[in-house]
Amino acid sequence: MQKQLSAAVPGRSSLATYLYKKRYMYLMCVPGLVYLLIFKYIPMYGIIMAFQDFSFKKGIFGSPFNNFANFKELFGSKVFYQVLSNSLSLSLLRLVFSFPVPIILALLLNEMRCKPIKSTSQTLMYLPHFLSWVVLGGIATNMLSMSDGLINDIIVALGGQKINFLGSAEWFRPVIIITNIWKEAGWGTIIYLASLSSINPEYYEAARVDGATRFQQLRYITLPALSGTIVIMLILAVGGLMGNGFEQIYLFKNSLNQSVAEVFETYVYQIGIAGGRFSYSTAVGLFKNVVAAVLVFSSNMIARKLGQPSFYA
């Protein structure tokens, strides 16, 4: 076959022959590569703004450089350290409480034997992922309202007092974590269910013959088979510690909980879009992304040292 291709395409190297053979496969990659080029790589030249006193009149390439003045102001600002603390605190809480939930749900779904109930449960868990934060935020706001919210009505019916979930700094983080689990946990189970489906059923049959209980099968077969996927997802989660998303935080943030609600995404929006300080906000964003890259590489290196799967050798 290779000789026929070489004859059909005379003068081409083995690499060119391979590319010609797989031309349709690579052609399918073109739209994704074009998207990445236009929306991810080309805009990266805007990083220059972090080192400039940016002016719309002069443009990116005409604005003067300011000798790292934006970073000096950044690291000398008390507000920055408060934002850094809020972002890391909320991200670590997400990692601790949100990360295990899709794994647990996938294990529970995998143990279901009634297919109609299993399919219905999966659909109900996936559904919130396809709704925007504007919709889910509105639903959550109505449910948590002090005046006529369902949650406070239940608390009062049980003999308790109403709680100001939306206007309290104390309750901001629990609300963010719970609503995030509500929206994304079901969708996150897809990857783990795909890994579980690749386990050879003969392993479970052999374990049952040897008298292993369901818990022992879970411990010695299912979890080891999931370990590689869990490590890869954990590396991605650690890389995202500096980011909490904009939409969810912005919808639940207000003047009463701002002391714990101001994170990098809302801070950049506030000073960059609303305040017009584009150079300073670019410096903040650059700092956040550099730290995120360091976290990804570090967690990947640790996983490799421990003999676990990693993104690169």
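# Helix packing and loop residues in a predicted model

Helix α15 (residues 264-274) and helix α16 (residues 278-305) pack against each other at an angle of about 165 degrees, and their axes lie 8 Å apart. The structure is a predicted model, in which local features need pLDDT of at least 70 and side-chain atom pairs count only at pLDDT 80 or more, whereas totals for chains, interfaces and linings use all residues. Residues are numbered from 1 along each chain as its sequence is written, and side-chain values use heavy atoms, with hydrogens and water left out. Helices are DSSP runs of H or I with at least four residues, and strands are runs of E with at least two, numbered from the N terminus.

**The α15 and α16 pair**

- Axes are lines fitted to C-alpha atoms, for helices over the stretch in contact, and angles run from 0 to 180 degrees between N-to-C directions.
- α15 and α16 are therefore roughly antiparallel to each other, given that angles under 35 degrees count as roughly parallel, over 145 as roughly antiparallel, 65 to 115 as roughly perpendicular and the rest as oblique.
- The crossing of α15 and α16 is left-handed, a term that applies if the near helix is turned anticlockwise from the far one by less than a right angle, with right-handed used if clockwise.
- On the α15 side, Phe264, Glu265, Tyr267, Val268, Ile271 and Gly272 meet Phe278, Tyr280, Ser281, Val284, Gly285, Phe287 and Lys288 of α16, where contact means heavy atoms within 4.5 Å.

**Serine 77**

- Serine 77 sits in the loop between α4 (69-75) and α5 (78-98), and with a relative accessible area of 15% it is buried; buried means under 20% relative accessible area, exposed over 50% and partly exposed in between, with a 1.4 Å probe and protein chains only.

**Helix α8 and its neighbours**

- Helix α8 (residues 133-144) has twelve residues and reaches 15 Å from its first C-alpha to its last, close to the 16 Å expected at 1.5 Å a residue, the expected span being 1.5 Å times one less than the number of residues.
- Trp133, Leu136, Gly137, Ala140 and Leu144 of α8 are buried.
- Seen down the axis of α8, these buried residues fall within an arc of 100 degrees, so they line one face of the helix; the arc is that of the directions from the helix axis to the C-beta atoms.
- Val134 and Asn142, on the other side of α8, are exposed.
- The buried residues of α8 pack against α9 (150-157), α10 (169-197) and α13 (247-252).
- α8 and α10 pack at an angle of about 125 degrees with their axes 11 Å apart, which makes α8 oblique to α10, and their crossing is right-handed.
- That contact is made by Trp133, Leu136, Ile139, Ala140 and Leu144 of α8 together with Val175, Thr179, Asn180, Trp182 and Lys183 of α10.

**Helix α6**

- Helix α6 (residues 100-111) has twelve residues and reaches 17 Å from its first C-alpha to its last, close to the 16 Å expected at 1.5 Å a residue.
- The buried residues of α6, including Val101, Ile103 and Leu107, pack against α5, α7 (115-126), α10, α11 (201-209) and α12 (214-239).

**Positive phi in a loop**

- Asparagine 67, in the loop between α3 (23-41) and α4, has phi near 60 degrees, a positive value in a residue other than glycine, and counts as exposed at 57% relative accessibility.
- Phenylalanine 68 lies in the loop between α3 and α4, has a positive phi of about 65 degrees although it is not a glycine, and counts as partly exposed at 47% relative accessibility.
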